[in-house]
Amino acid sequence: MSVSDTPPSAASGGGPARVSNWNLPNAITVVRILLAPLFVWMLLADGGDDGWLRWAAAALFILAIATDGVDGALARRKGLVTDLGKLLDPIADKVLTGGALIALSILGELPWWVTIVILAREIGITLYRFVVIRQGVIAASRGGKIKTIVQSVAISFALVPLWTIFGSWIDWVNTILMTAAVILTVWTGIDYLWQAWKGRRAKRAAG
């Protein structure tokens with residue numbers, strides 16, 4: 001779908017109306033990005049203590065990451081899908097989840113290697129998207145969306161101090177969820193590059 005900052009006038013006639021980048025789904029996506037620094041500050045402000053700031057930070061993360069489904073559904077339902085939205089949406093997810101992972105590692109609650117592996121994949125794929133942007137914006141795949149959901153669930157469990165309610169056994173749940181997130185992150189990254197390589201090879205063969 002083509003993108004235009006200024007919708008054509010009704011008198012222009014012919015062709016479908018182009019969608020403005022300045023729409024509600026994109027605004028929600030931008031707000032999600034802007035909430036990331038506030039969330040990280042709240043999480044680190046009391047040094048990871050299990051007080052109200054920790055609970056508030058976890059609630060803010062869950063609320064912010066949940067809007068990913070809201071803006072996507074709204075864009076599709078209202079016909080407001082834009083290339084900018086397809087580009088910003090996965091970036092917003094990566095900013096939020098990346099900030100959470102770094103903060104958890106700073107607090108000593110998550111091994112740094114987990115954070116590094118996940119961030120290396122996310123940053124690498126994002127850079128690749130920018131490299132090939134002239135060939136068209138690549139939207140998130142189904143596998144990538146599943147990966148994002150699993151990451152979000154794993155991080156949410158790590159953020160909410162459920163051990164204060166259920167005891168230390170909840171750490172096993174957190175470990176299982178984060179392990180699944182790491183496996184999916186690596187696998188979808190490899191699959192993404194493989195599919196991109198096959199697509200480029202097919203285009204060269206057709207051309």
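A residue counts as buried when its relative accessible area is under 20%, as exposed when over 50%, and as partly exposed in between, using a 1.4 Å probe and protein chains only. The model here is predicted, so to speak, from the start: local features need pLDDT of at least 70, side-chain atom pairs count only at pLDDT 80 or more, and totals for chains, interfaces and linings use all residues. Residues are numbered from 1 along each chain as its sequence is written, and side-chain values use heavy atoms, with hydrogens and water left out.

**The overall picture**

- The protein has seven helices and zero strands, where helices (H or I, at least four residues) and strands (E, at least two) are DSSP runs numbered from the N terminus.
- Reading along the sequence gives the pattern α-α-α-α-α-α-α.
- Of the 207 residues of the protein, 41% count as buried.
- A contact means heavy atoms within 4.5 Å. Among contacts between residues at least 6 apart in sequence, 72% join residues at least 24 apart.

**How confident is the prediction?**

- Confidence is given as pLDDT, the predictor's score for each residue, from 0 to 100. The mean for the protein is 82, and 86% of its residues reach 70 or more.
- Helix α1 (residues 24-45) has the highest confidence, at a mean of 90, while helix α2 (residues 52-78) has the lowest, at 85.
- Over residues 1-15, pLDDT stays under 50, and the model has 19 contacts beyond four places in sequence for this stretch.

- N26 sits in helix α1. N26 counts as buried because its relative accessibility is 7%.
- Leaving aside residues up to four places away in sequence, N26 touches N21, T82, L84 and G85.
- V30 also belongs to helix α1. The C-alpha atoms of V30 and D89 are separated by 8.5 Å, although the two are 59 residues apart along the chain.

**Helix α3: mostly covered**

- Helix α3 (residues 83-106) has 24 residues and reaches 35 Å from its first C-alpha to its last, close to the 34 Å expected at 1.5 Å a residue. The expected span is 1.5 Å times one less than the number of residues in the helix.
- This helix is mostly covered, with 18 of its 24 residues buried.
- L101 lies in α3, and L101 counts as buried because its relative accessibility is 1%.
- Not counting residues up to four places away in sequence, L101 touches L110, T115, I118, I155 and M178.
- L101 and A158 are 57 residues apart along the chain, and their C-alpha atoms are separated by 9.4 Å.
- Just after α3 comes G108, which takes a positive phi of about 80 degrees.

**Helices α4 and α7**

- The 20 residues of α4 reach 28 Å from first C-alpha to last, close to the 28 Å expected.
- Buried residues of α4 include V114, T115, I118 and L119, and the buried residues of this helix pack against α3, α5 and α7.
- The 37 residues of α7 should span 54 Å at 1.5 Å a residue, and the end C-alpha atoms are 53 Å apart, which agrees.
- Among the buried residues of α7 are I170, N174, M178 and A181. What covers the buried residues of α7 includes α3, α4, α5 and α6 (163-166).
- I190 is found in α7, and I190 is exposed, with a relative accessible area of 57%.
- I190 and R121 are 69 residues apart in sequence and 8.9 Å apart in space, C-alpha to C-alpha.

**The second largest pocket**

- Rolling a probe the size of a water molecule over the atoms shows where empty space is left.
- On a 1 Å grid over the protein atoms alone, a pocket is an open set of points where a 1.4 Å probe fits, with protein on both sides within 12 Å along at least five of seven lines; lining residues have an atom within 4 Å of a point.
- The second largest pocket is lined by 17 residues, of which E109, L110, N174, T175 and M178 lie nearest its centre.
- Elements giving two or more residues to this lining are α4 (112-131), α5 (142-159) and α7 (170-206). The largest share, six residues, comes from α7.
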